[in-house]
Amino acid sequence: MSAATMAAGLFVLVVYFTSVRAAIELIFILAKVPYRYLVTLLEELAPSWFERAFTDEDVVVVTGAARGIGRLMAERFAALGAGKCVLVDLHGDALAEAANAVRKAAPDAAVFTYVCDLGDREATYVIMENIAAEVGTVTVLVNNAGIVTG
């Protein structure tokens, strides 16, 4: 039995038990599955096709950058070629260590650190204005700051 015959039989079966609209939606769902497989395969074979190209003019701001995922994202952005990486966090000591790790990951990147409690709205406005004035217009913002429990 061919794939077309099976698809036609499935369409008739779905229409019989539900509606034409449900059958059409099922076709679209099933059509997306091979598409996702193709995209996943291409991402594995040629990852550079799917990554954003960064320049020296890009200003990447990562909040919550002192530890964990924020620190890893900052290192990755710098390694991908972001010219200016701005790390913002509440913990100054850990932020300095993260900045050193980012500099090690990408020696050509300019790394800036700002200590700020982003839970304070006014302090957040002030720090973002300072970043825009001192570093430049933000092109990528990763809002990673938060409180993790458990």
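Contact here means heavy atoms within 4.5 Å. Keep in mind that this is a predicted model. With that cut-off, Arg71, Ala74, Glu75, Ala78 and Ala79 in α3 meet Glu97, Ala98, Ala101, Val102 and Ala105 in α4. Sorted by class, that contact of α3 with α4 has seven nonpolar, three charged and no polar residues.

**The helix pair**

- Two packed helices are described by the angle between their axes and the distance between the axes.
- For α3 (residues 68-79) and α4 (residues 92-105), the angle is about 30° and the axes are 8 Å apart.
- Angles under 35 degrees count as roughly parallel, and α3 and α4 are therefore roughly parallel to each other.
- As for handedness, α3 passes α4 in a right-handed crossing.

**The sheet**

- Four strands make up an open sheet, ordered β3-β2-β1-β4, and the pairing is parallel.
- The edges belong to β3 (110-115) and β4 (140-142); each has a single partner strand, so one side of each is left without a neighbour in the sheet.
- Ignoring direction, neighbouring strands of this sheet are turned by 15° against each other on average.
- Strand β2 (residues 84-89) runs parallel to β3, and six bridges join the two.

**Where helix meets sheet**

- Besides packing with α3, helix α4 lies across β2 and β3.
- Relative to β3, α4 runs at about 170°.

Definitions and conventions. Residues numbered from 1 in each chain as written. Predicted model: local features only at pLDDT ≥ 70, side-chain atom pairs only at ≥ 80, totals over all residues. Heavy atoms only, no water. Axes fitted to C-alpha atoms, helices over the stretch in contact; angles between N-to-C directions. Parallel < 35°, antiparallel > 145°, perpendicular 65-115°, else oblique. Left-handed = near helix turned anticlockwise from the far one by under 90°. Nonpolar A, V, L, I, M, F, W, Y, C, P; charged D, E, K, R; others polar. Pairing = 2+ DSSP bridges.
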